[in-house]
Amino acid sequence: MSTSPSPAQDRRYMAAAIALSGRGRGLSTPNPNVGCLIVRDGHVVGRGWTQKGGRPHAEAQALEQAMDRARGATAYVTLEPCFHLSPRGPRCADLMARAGVARVVIALRDPDPRTDGQGAAWLRDRGVRVDMGLMADEAARAMAGFVLRQTLGRPHVTLKLGLSLDGRIARDDGASRWITGPEARAHAHMERARHDAILVGGGTLRTDAPRLDVRLAGLENRSPRRLVLTRGAAPAGWTPIATPDDIATLDRVDHLLVEGGAATAAAFLRADRVDRLMLYRAPIIIGAGLAGIGDIGLTDLTQAHGRWRLIDMRALGVDRLEVYERVRSA
């Protein structure tokens, strides 16, 4: 039997599992991007994350790597191991029990009613110690698309804006290349690779003809599906949606990136369909120019307060990235 990790080690291993889960974001839909780590006697003997298209699951991958070293080990998994039967693969709760894992530390209870506590109960009934809730908020943030799809029936939406210090996205003649520097642009391309789909407004499509692909070496094949907000037809290779509410109807889209322009950003904010803001601020002042966001229907400044929480801030070359999360009641 392996030795039991300390609470500090539990957090360290779970943080590593959450980091692993990020590798599947934008690829694993319709399944959640789960991360799993298997630890025995202070050594990581198995690691996994949900693969492209949702299979294999993170737990199956980690157990296959661990082999017989999983017996008596502790498994750290960012989401409760699945319990429902599927023709695509075995139940992860059953896999862990049969592998002889002694303890399973779960970050987030699965909101999918097909599992929702049943995976943990199955393990406990077979003598496996189960601890649930460690770093649940962090795990939910890492799997935000899956969680929102299960709870609100729509994708998680990130609104990305590249701005000058005075909130402009272009000069008044529309010139916008380049407001931010190469480091910020590379980071934005990495964000594209972490999303299932990317959206711009019809005006941006007609004016800029954006490619919206991922232009980072080795990640070109992770370019997201392209959407356009329009009430008309879309050109080949693009999917039209008429309103922000229509994102709920999108198939296999759990993480949506909105890149503008100003009217589209305003439409999503006005509909309260933005869950995360990514503001790339360049140290320049443009003056007369195009605002990053149009009218969102604000009638009283008190309505603007308490809606956004800063969750990350970092330098990217000469630019600065600020990430805000929408504050919502439970």
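Trainee: In which loop does Pro-56 lie?
Mentor: The model is a predicted one. A cis peptide bond joins Arg-55 and Pro-56, with omega about -5 degrees. As for its place in the fold, Pro-56 lies in the loop between strand E2 (43–49) and helix H2 (58–66).

Trainee: Which residues line the largest cavity?
Mentor: The count comes to 1 cavity of 30 Å³ or more, and the largest cavity has a volume of about 30 Å³. Its lining divides into 3 nonpolar, 7 polar and 2 charged residues. By name, the lining residues are Gly-24, Arg-25, Gly-26, Leu-27, Ser-28, Thr-29, Asn-31, Pro-32, Asn-33, Phe-146, Asp-254 and His-255.

Trainee: Which element gives the most to the lining of the largest pocket?
Mentor: About 1,200 Å³ of space lies in the largest pocket. Its lining has 38 residues, and Ala-140, Arg-141, Ala-142, Ala-144 and Glu-325 lie nearest the centre. Elements that give two or more residues include helix H1 (7–21), helix H5 (136–142), helix H6 (144–151) and strand E15 (319–326). The element that gives the most, with 6 residues, is H5.

Trainee: How many residues in the lining of the largest pocket are charged?
Mentor: The lining is made up of 38 residues. Of these, 18 are nonpolar and 5 polar. The number of charged residues is 15.

Trainee: Which residues have the most contacts inside the largest nonpolar core?
Mentor: The largest nonpolar core has 43 residues. Apart from it lies another core, of 21 residues, among them Leu-250, Val-253, Ala-267 and Val-274. Inside the largest core, the residues with the most contacts are Met-14, Ile-38 and Val-104.

Trainee: What is Val-104 in contact with, leaving aside its neighbours within four places in sequence?
Mentor: Val-104 is one of the residues with the most contacts inside the largest nonpolar core. With those sequence neighbours left aside, the contacts of Val-104 are Ala-75, Val-77, Pro-81, Met-96, Leu-123, Val-128, Arg-129, Val-130 and Asp-131.

Trainee: Is Pro-81 buried or exposed?
Mentor: Pro-81 is found in the loop between E3 and H3. Not counting residues up to four places away in sequence, Pro-81 touches Glu-59, Cys-92, Ala-93, Met-96, Val-104, Ile-106, Thr-115, Gly-119 and Leu-123. Because its relative accessible area is 0%, Pro-81 is buried.

Trainee: How many residues apart in sequence are the parts tied together by the pair of Tyr-13 and Tyr-76?
Mentor: The structure holds 2 aromatic pairs. One of them, Tyr-13 with Tyr-76, is tilted, at 5.3 Å centre to centre and 45 degrees between the planes. Because Tyr-13 lies in helix H1 and Tyr-76 in strand E3 (residues 74–79), the separation in sequence of the parts that the pair ties together is 63 residues.

Trainee: Are Tyr-13 and Tyr-76 buried or exposed?
Mentor: The two rings form a tilted pair, with 45 degrees between the planes. On accessibility, both Tyr-13 and Tyr-76 are buried.

Trainee: Why does Leu-95 count as buried?
Mentor: Leu-95 is found in helix H3 (residues 92–99). Not counting residues up to four places away in sequence, Leu-95 touches Ala-60, Leu-63 and Pro-90. Buried means under 20% relative accessible area. Leu-95 therefore counts as buried, at a relative accessibility of 19%.

Trainee: Is Thr-264 buried or exposed?
Mentor: Thr-264 is found in helix H9 (residues 262–270). Leaving aside neighbours within four places in sequence, Thr-264 is in contact with Leu-199, Val-200, Gly-201, Leu-229 and Val-258. Because its relative accessibility is 6%, Thr-264 counts as buried.

Trainee: What is the phi of Asp-272?
Mentor: Asp-272 lies in the loop between H9 and E12. At 24% relative accessibility, Asp-272 counts as partly exposed. Although Asp-272 is not a glycine, its phi is positive, at about 55 degrees.

Notes:
Residues are numbered from 1 along each chain as its sequence is written. This is a predicted model: local features need pLDDT of at least 70, side-chain atom pairs count only at pLDDT 80 or more; totals for chains, interfaces and linings use all residues. Side-chain values use heavy atoms; hydrogens and water are left out. A nonpolar core is a set of buried Ala, Val, Leu, Ile, Met, Phe, Trp, Tyr and Cys residues joined through side-chain atoms within 4.5 Å. Buried means under 20% relative accessible area, exposed over 50%, partly exposed in between (1.4 Å probe, protein chains only). Contact means heavy atoms within 4.5 Å. On a 1 Å grid over the protein atoms alone, a cavity is a set of points where a 1.4 Å probe fits but cannot get out, and a pocket is an open set with protein on both sides within 12 Å along at least five of seven lines; lining residues have an atom within 4 Å of a point. Grid points are joined across faces, edges and corners, and a volume is the space filled by probe spheres set on the points. Helices (H or I, at least four residues) and strands (E, at least two) are DSSP runs, numbered from the N terminus. Ala, Val, Leu, Ile, Met, Phe, Trp, Tyr, Cys and Pro count as nonpolar, Asp, Glu, Lys and Arg as charged, and the others, Gly among them, as polar. Rings of Phe, Tyr and Trp (its six-membered ring) pair if their centres lie within 6.5 Å; planes under 30 degrees apart count as stacked, over 60 as edge-to-face and the rest as tilted.
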